Amino acid sequence: RPRRPPPAPPRAPRHRHAPRIRRIPLSRQNERGTMAKTKSSSGGGIKGFLSRAGSSFYAGGLYAKEKGLWLAKMSGKVGFIIATTSIITLMPLIFEITREGQMIENEKQQVKDFRSQGYSDRQLQEIGFCEASIRRAPSVAMAK
């Protein structure tokens, strides 16, 4: 339970020209009842500048740390979203491109077999082979 402050003493009548006595709040008094020293600026000169600069750098460091952590969290979230989206959209595309390349290689092998049996390019097109399978290497690239 919090302590109750003692009751205030009765006020004495004061003279009309007597100076008024100000009460000091308890928050500004130390244990002996006297007024605590207030923190004043550190004065001028290099000593004052350095003492103020130290606290400014400390406050700036705390601010940078806070904003850095926030930025790391946000970039982690954005990175996760980009990574999962690209996996979902790009992986099927990569699989399809690989499968198409394997299919063209199979058709090239079949076209090679049909050519050895005497089929022409036109006949191979009529059978239904794709242009990429039927295409031959240019004559310049052929070794003699």
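Tutor: Let us start with Ser-133, which is buried, at a relative accessible area of 3%. The model is a predicted one.

Student: Why is Ser-133 called buried?

Tutor: Its relative accessible area is 3%. Buried means under 20%. Therefore Ser-133 counts as buried.

Student: Where does Ser-133 sit, and which residues is it in contact with?

Tutor: Ser-133 is in helix α3, residues 131–134. Setting aside neighbours within four places in sequence, Ser-133 is in contact with Ile-104, Glu-107, Lys-108 and Val-111.

Student: What makes the pair of Ser-133 and Glu-107 a polar contact?

Tutor: Their side chains are 2.7 Å apart in that contact. The cut-off for the N or O atoms is within 3.5 Å. So the pair qualifies.

Student: Why is Met-91 called partly exposed?

Tutor: Met-91 has 32% relative accessibility. Met-91 is in helix α1, residues 45–116. A nonpolar surface patch includes Met-91, Leu-90 and Phe-95 among its members, and the patch has about 800 Å² of accessible area together.

Student: How many aromatic pairs are there?

Tutor: The structure has 2 aromatic pairs. One of them joins Phe-114 and Tyr-119, with 5.0 Å centre to centre and 75° between the planes.

Student: What makes the pair of Phe-114 and Tyr-119 edge-to-face?

Tutor: The angle between the planes is 75°. Over 60 degrees counts as edge-to-face, so the name applies. Ring pairs also link Phe-114, Tyr-119 and Phe-129 into a cluster.

Conventions. Residues are numbered from 1 along each chain as its sequence is written. This is a predicted model: local features need pLDDT of at least 70, side-chain atom pairs count only at pLDDT 80 or more; totals for chains, interfaces and linings use all residues. Side-chain values use heavy atoms; hydrogens and water are left out. Helices (H or I, at least four residues) and strands (E, at least two) are DSSP runs, numbered from the N terminus. Buried means under 20% relative accessible area, exposed over 50%, partly exposed in between (1.4 Å probe, protein chains only). A polar contact is a pair of N or O atoms within 3.5 Å; within protein, one must be able to donate a hydrogen and the other to accept it, and residues adjacent in sequence count only if both atoms are side-chain atoms. Contact means heavy atoms within 4.5 Å. Patches are made of residues with over 30% relative accessible area and no salt bridge: like charges are joined within 9 Å, nonpolar side chains (Val, Leu, Ile, Met, Phe, Trp, Tyr) within 5 Å. Accessible areas come from the Shrake-Rupley method with a 1.4 Å probe; for residues, only the protein chains shown count as cover. A salt bridge is a side-chain nitrogen of Lys or Arg within 4 Å of a carboxyl oxygen of Asp or Glu. Rings of Phe, Tyr and Trp (its six-membered ring) pair if their centres lie within 6.5 Å; planes under 30 degrees apart count as stacked, over 60 as edge-to-face and the rest as tilted.
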